[in-house]
Amino acid sequence: MKLKVLPVVKAYPVIDPVSQTEAVCVAGISMDAPHRWIRLFPLDYRGLVYAQRFKKYEVIELEVRKSTKDSRPESFTPVLDSITVREFINTDGGTWRRRLPFFDAIEDESMCEIQRRQKAERKSLGVFRPQEVTDLSVAAAEEGFAESQRALLSLASLFGDRAGDATRAALEPLPVKARFRYRCADSACPGHNQSLIDWELGALYRNLDAAGDDEATIHAKIRQKFLEQYCGERCDTRFIAGSMLKHPGSFLILGLVHPRRASPPQEATLF
């Protein structure tokens, strides 16, 4: 089956313990109406040739197969060699006018609604406006997780898999963990506490680390970016949430949609 997809979020890569390859989860929206969620997984992004390494909001066309290992209804296995990169949908000066219609077509009322629909129809991807974001905790990742990922990386290299390809830099586990605390718009919302696994989280950490910032400064700057800036009053923020394959009732924050709010009209001052 051939699809035309607008990729809107890429999760940080991990090692798939089954295939021993780097696996990136890409969530996108079908370009053809009716718009719907499409999950491309597993996708060895760094194994793609450069002409196929699409960015977020860069339309792609590709062949997919219905996954035999992932029963989530939005999930498809991408045929990597078939990927063709098309138009980039820009932010239009920060207003997101060209992007928002895709989100508007599939927006959910709340995280609580997404969870109810997961139980009723196995829904595993959604986007919604949080009612109140109260905190983003940032800390070093657990060493146990890092060790397990490094072990898989070593195994992949031992078997000569592309994840161990000497032509690419070694994949390091996500060095930081971040969790959003918030309430959604559901009147009975008990509050949510969910991990953020956006690729941009790891990329920001590595850029700050390369610039020489210490751990405490890096954590503070991550919090400033994702909480104070993206979830601040100047942005009309939406969260993109996705469920875990082995725990379909548990959701993670895959990424944020953060268009600028329209400036309110200035009132005339009378003298």
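Helices (H or I, at least four residues) and strands (E, at least two) are DSSP runs, numbered from the N terminus. This is a predicted model, in which local features need pLDDT of at least 70, side-chain atom pairs count only at pLDDT 80 or more, and totals for chains, interfaces and linings use all residues. Residues are numbered from 1 along each chain as its sequence is written, and side-chain values use heavy atoms, with hydrogens and water left out.

Select D108 to begin. This residue sits in the loop that separates α1 (100-106) from α2 (111-121). D108 counts as buried because its relative accessibility is 5%; buried means under 20% relative accessible area, exposed over 50%, and partly exposed in between (1.4 Å probe, protein chains only). Next, display its contacts (heavy atoms within 4.5 Å). Leaving aside residues up to four places away in sequence, D108 touches E113, I114, R117, K123, G126, V127 and F128.

Move on to strand β11 (residues 192-196). Of its 5 residues, 4 are buried, so the strand is largely enclosed by the rest of the structure.

Finally, select the cysteines. With a disulfide taken as a pair of cysteine sulfur atoms within 2.5 Å, the count comes to 0 disulfides. C235 is accordingly in no disulfide, and the nearest cysteine sulfur, that of C231, is 8.2 Å away. C235 is buried, at a relative accessible area of 9%. C25 is also buried, with a value of 16%.
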